[in-house]
Amino acid sequence: MKTTLINCAVKTSKEYDGARVPQGCLYLLSAARNAGFNIEFRDYQLEKLEDPLDTSFFLRFIEDDADVLAISCMSNLLPLVVNTTKIFKERYTDKTIVLGGIGPSGVAERLIAEFPHIDVIARGEGERTFPELLRALEGKKSLESVEGLLLSKEKGVFHITQPRKRIKNLNNLPLPGYDLVDMKSYETVGIQTARGCPFPCNFCDVSAYWGHDTTYRSLDLVIKELELIEKQYGFKKVTILDDTFTLNKGRVFDFCKAYRDRGLTIQWSAYCRVDLLSDEMIEIFEKSGCYRIFLGVESGSNNVLRKISKPIDINRLIQVVKKACNKFIVRINLIWGFPFESMEDLKESVFLLFYLKEFNCDVSMALLSPLPLSRLYNEKKYRLIFREELQSSVVSSRFYLPHGNELVNGKPDILVDLIRKHPDIFPGFYVFEDKLFAQKLEYLNSLGLEIEKLTRQ
Ligand code: B12
Ligand code: SF4
C-alpha cells in the first residue's frame with residue numbers, strides 16, 4: 001500500500017511570505033516511520049503558482065499512484081481540499097481519502113456527512129492515530145478499532161470510533177522528521193514545547209482542539225531540538241508555537257537558563273499572555289535570545305474583554321508594552337466585529353491601536369472569524385452572515401480565496417459557491433450577525449484603516 005501525505009498550506013500575507021516547516025506533518029511522518037511506514041510527503045506551499053487556490057493546480061499536485069491520500073489543512077484551505085478531493089475521488093474511486101488537522105477536525109461530522117467522498121477524517125493529535133490508521137488500511141486491524149476517526153459509509157451516514165485520548169507524555173514522541181524533508185526549502189521554522197491551553201477565551205478554538213490540559217515536553221528535549229535546528233539546519237530564528245508560552249513561570253525561567261547555559265544563539269519568538277508576563281520575565285527574555293513576542297490582546301474595551309472571557313487589564317498591558325518594546329519586537333493582535341461590541345467599544349480598540357503604535361509596537365486589527373470549535377460559534381446565539389461587500393477582501397485576505405465573488409470565466413467562483421452552500425462547514429468565511437457592522441466598517445475606513453489590513457490576522 002502506497003501512502004502520500006500532503007500539507008495543504010499556502011504562503012499567506014507578504015509579511016509571512018516565507019515557506020514554513022510544516023511541524024504537524026513532520027510529527028506524522030516520523031511517527032509513521034517509527035511504525036515502519038515509508039510515506040511520500042509533498043508540501044503545497046512550496047509550489048510556485050500564480051493562483052494556488054485554483055482547483056486544477058491542486059488537483060495536479062495531489063495526483064500520483066498512491067493508494068491512500070492523506071491531507072492536512074486548516075479551515076482556510078478546507079474548501080479547496082473538499083472541492084479538489086471530490087473531483088479526484090470521481091476519477092479514482094478505489095483510492096482512500098483521509099483528512100486531518102484542525103480544519104477538517106473542527107467540522108468533522110458535518111463534513112463527512114455532506115461529502116462522503118472523504119473516506120476518513122482523523123481528529124486531533126495524529127502521532128498515534130496516523131500509524132494505526134495506516135495499519136488498518138493495510139488490512140492488519142479493523143478501522144473501527146482505531147480511536148479518533150470518522151468513517152464515511154454513505155451520504156449522511158458515518159461511523160465515529162472511540163475518541164482518541166490526548167498524548168500525556170510528549171517526550172515519548174519521536175522528533176519531527178526534519179531529515180525527511182529538504183529543510184533548505186523552508187525560510188521559517190517553529191517548535192512546540194507544550195500543547196494545549198487552559199484559558200476559556202470564547203472566540204478561540206485552540207483549547208477545544210488541543211484540550212484544556214497542557215502537556216509539556218522536557219526542556220532537555222526542547223533545547224536539543226533547538227540545537228539541531230540551529231546547528232544542523234542553520235536557522236537563525238525560530239517561533240515557539242505553544243499557545244501560551246508564559247503559562248508556567250518556573251518552566252519559562254528554566255528554559256531561558258538552559259538556553260544561555262547551552263550557548264544557543266538562535267533567536268526565538270513566542271505567543272504570550274500579557275497577564276502572565278512580568279517585568280522580570282521581560283528582562284530575562286531579552287538576555288535569552290527572545291527577539292519577538294506575540295500578544296493576543298483582542299480588544300481595547302474592558303466590556304468586550306469580559307464578554308470574551310479574556311479579562312486583561314489594559315493599564316497593565318500598556319505598562320508591559322512600554323517596557324517590552326524597548327527590548328524586542330512586540331506584535332499585538334486586536335479583533336473587531338464581535339457581535340456584542342458597541343461603537344464605543346470599537347473606538348476604545350482603535351484608540352489602543354494608535355496609542356500602542358506610538359511605542360513602535362507592531363499592532364494589527366483583524367475581523368473576528370467564527371471558528372467552528374469556539375464557544376462563541378457553538379452557542380449559536382448569533383446568525384452567520386456572508387457579507388457581499390466584504391466578500392473579496394474578507395475571503396481573500398483572511399482566508400486567501402483570491403477571486404471573491406468575481407465571475408471567473410463567466411461562472412461564479414466554485415469555492416465561494418461551496419462556502420455559500422455550507423455555512424456550517426465553512427463558518428470561518430462568514431461574520432456573526434451584527435447590526436452595527438456597516439457602521440463599524442465605515443468608521444474604520446474613515447480612519448484610513450484599509451480593509452485589507454483589518455481582515456488579516
Ligand atoms: C504557527 C501557526 C501559524 C503559522 C504557520 C502555520 C503552518 N504550520 O503552516 C502562520 C502564522 C503562517 C499561520 C497562519 C494561519 N493560521 Co495559524 N496557527 C499557528 C499555530 C500557533 C501553531 C500551528 C502548529 O504548527 N501546530 C503544531 C502542529 C504539531 O500541530 P498541527 O499542525 O495541528 O498537527 C497535528 C494535528 O493537528 C494532527 N494533524 C494535522 N494534520 C493531520 C493530517 C492527518 C492525515 C492526520 C492523521 C493528523 C493530522 O497531527 C499533528 C500532530 O499531532 C496554531 C495554534 C495551534 N496551537 O495549533 C494556529 C492556528 C492553527 N492558525 C489558525 C489560523 C486561522 C490561521 C490562518 C488561517 C489565519 C489567517 N487569517 O490567515 C493562517 C493560514 C495559514 C496557511 N498557511 O494557510 C487557527 C486555525 C483555526 C482553524 N479552525 O483552522 C489556529 C488554531 C489559531 C487560532 N485559534 O486562531 N498559523
Ligand atoms: S486566545 Fe490564547 S489564551 Fe485564549 S484560549 Fe486561545 S490560545 Fe488560549
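What distance separates the centres of domain 1 and domain 2, taken over C-alpha atoms? The separation is 24 Å. The model is predicted, so local features are given at pLDDT of at least 70 and side-chain atom pairs at pLDDT 80 or more, whereas totals for chains, interfaces and linings use all residues. Residues are numbered from 1 along each chain as its sequence is written, and chains are lettered from A and ligands numbered from 1 in the order in which they are written.

**Stop 1: the two domains**

Select residues 3-160 as domain 1 and residues 170-455 as domain 2; these bounds come from an automatic or database domain assignment. Across the boundary, 34 residues of domain 1 are in contact with 35 residues of domain 2, a contact being a pair of C-beta atoms, placed from the backbone, within 7 Å. On the side of domain 1 that touches domain 2, the elements giving two or more residues are α1, α3 (78-91), α4 and α5 (108-114). Helices (H or I, at least four residues) and strands (E, at least two) are DSSP runs, numbered from the N terminus. Helix α1 provides the largest share of that side, 8 residues. By class, that side of domain 1 holds 17 nonpolar, 11 polar and 6 charged residues. Here Ala, Val, Leu, Ile, Met, Phe, Trp, Tyr, Cys and Pro count as nonpolar, Asp, Glu, Lys and Arg as charged, and the others, Gly among them, as polar.

**Stop 2: the largest nonpolar core**

Next select C8, V81, V98, I121, L133 and L334, which touch the most other members of the largest nonpolar core, a set of 114 residues. A nonpolar core is a set of buried Ala, Val, Leu, Ile, Met, Phe, Trp, Tyr and Cys residues joined through C-beta atoms within 7 Å. Helix α1 (residues 23-34) gives this core its largest share, 7 residues. The core lies between domain 1 (3-160) and domain 2 (170-455), because both give residues to it.

Centre the view on L133. Beyond its neighbours within four places in sequence, L133 is in contact with V98, V120, A122, V146 and L149. Is V146 buried or exposed? V146 counts as buried because it has 24 C-beta neighbours inside 10 Å; the cut-offs within that 10 Å are 20 or more other C-beta atoms for buried, 12 or fewer for exposed, and partly exposed in between, with C-beta atoms placed from the backbone. Leaving aside neighbours within four places in sequence, V146 is in contact with T129, E132, L133, A136 and T161. A C-alpha to C-alpha distance of 9.4 Å lies between V146 and R128, which are 18 residues apart in sequence.

**Stop 3: the ligands**

Select ligand 1 and the 39 residues around it, of which G24, S72, G100, G101 and G126 come nearest. A residue is near a molecule if its C-beta atom, placed from the backbone, lies within 6 Å of it. Two or more residues of this shell come from each of α1, β3 (68-72), β4 (96-100), α4 (102-106), α6 (129-137) and α7 (206-210). Helix α1 gives the most, with 4 residues. The shell comprises 18 nonpolar, 15 polar and 6 charged residues, and it draws at least three residues from each of domain 1 and domain 2.

Then select ligand 2. Which residues surround ligand 2? They are C197, F199, C201, C204, V206, S207, D243, T244, R273, G296 and K310. By class, 5 are nonpolar, 3 polar and 3 charged.

**Stop 4**

Select helix α10 (residues 279-287), where M281, I282 and F285 are buried. These three are on the same side of α10, because they cover an arc of only 100° around the axis; the arc is that of the directions from the helix axis to the C-beta atoms. The face turned away from them carries the exposed residues D279, E280 and K287. The buried residues pack against α9 (249-261), β13 (290-298) and α12 (314-324). After α10 comes G289, with a positive phi near 90°.

In α12, the buried residues are V320, V321 and A324. They fall within an arc of 100° seen down the axis, so they line one face of the helix. Their cover includes α10, β13, β14 (329-336) and α13 (343-357).

Finish at Y259 in helix α9. Y259 is buried, with 23 other C-beta atoms within 10 Å. Not counting residues up to four places away in sequence, Y259 touches I223, L264, S288 and G289. The C-alpha atoms of Y259 and E227 are separated by 9.6 Å, although the two residues are 32 apart along the chain.

Note on methods: Contact = placed C-beta atoms within 7 Å.
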